[in-house]
Amino acid sequence: IRAVDGPIDTWDEALVLPPGEKGEITVKGEVVTAGYYQLPQATAAAKITDSDGGIRHRMGDMGYFDESGRLWFCGRKNHRVVTATQTYYSVCSEAIFNAHPRVFRTALVGVGKGNDTMPVLWVQPKPGKMPQTADDAAQFIRELKEMAAPYPICSGIDTFLFRREFPVDIRHNAKIFREKLAVMAPAAIRRADRNRRKK
């Protein structure tokens, strides 16, 4: 369904998107619970009452159906980076950059608010592949930009930051703690700018 940030009380077929358009994944079936125990706000945010009295569950995941009916996962809804010109989806964009031979993984975050939001890509290089000089970092960034150039889903991603290790969610050791990276990004951008000016 189309991305809605607030609660949706009642299901409406007008919410459903055509193939190819990215939106929030919802599910319905016997395994879907009616609500969260003693958590009315969480229930309102995640559950939609259907016309037949059933419940549809909002997954909090973004995706789309292709023309063959296959469902493609694009990342968590709260990991979208919404700018004045484009919406970026973490999994879609990161998959492009993760193909670089020196990259272990990447994490896309948004810096700023509203129309001033800009996409920033954190890069965790593979062991021993961290850039050691400003020139090496600049070359690494050039290569990442060249890889992404053919893909509109990456257009406008111009700020790259390097980190040896990403913070991860304590509940899921492999799950990147993007919220922490977003908070760290502005100071890291300022440091990178200072280093470039010193060069």
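Strand 1 and strand 3 (55–65) each supply at least two residues of the lining of the second largest pocket. Helices (H or I, at least four residues) and strands (E, at least two) are DSSP runs, numbered from the N terminus. This is a predicted model, in which local features need pLDDT of at least 70, side-chain atom pairs count only at pLDDT 80 or more, and totals for chains, interfaces and linings use all residues. Residues are numbered from 1 along each chain as its sequence is written, and side-chain values use heavy atoms, with hydrogens and water left out.

The second largest pocket holds about 250 Å³ of space. Among the 15 residues that line this pocket, Ile1, Glu24, Ile25, Thr26 and Phe65 are the closest to its centre. A pocket is, on a 1 Å grid over the protein atoms alone, an open set of points where a 1.4 Å probe fits, with protein on both sides within 12 Å along at least five of seven lines; lining residues have an atom within 4 Å of a point. The volume is the space filled by probe spheres set on the points. Strand 1 gives the most to the lining, with four residues.

Glu24 is found in strand 1 (residues 23–28). Glu24 is buried, with a relative accessible area of 4%; buried means under 20% relative accessible area, exposed over 50%, and partly exposed in between (1.4 Å probe, protein chains only). The side chains of Lys77 and Glu24 meet in a salt bridge (3.4 Å, N to O). This pair links distant parts of the chain, with Lys77 in the loop between strand 4 (71–76) and strand 5 (81–82) and Glu24 in strand 1, 53 residues apart. A salt bridge is a side-chain nitrogen of Lys or Arg within 4 Å of a carboxyl oxygen of Asp or Glu. Both Lys77 and Glu24 are buried.

A search of the whole structure finds ten salt bridges. One of them joins the side chains of Asp61 and Arg76 (2.7 Å, N to O). Asp61 lies in strand 3 and Arg76 in strand 4, so the pair ties together parts that are 15 residues apart in sequence. Asp61 is buried, with a relative accessible area of 15%, whereas Arg76 is partly exposed, at 32%.

Asp50 forms a salt bridge with Arg56, the closest N and O atoms being 2.9 Å apart. Lys28, Asp50, Asp52 and Arg56 are linked in a network of salt bridges.
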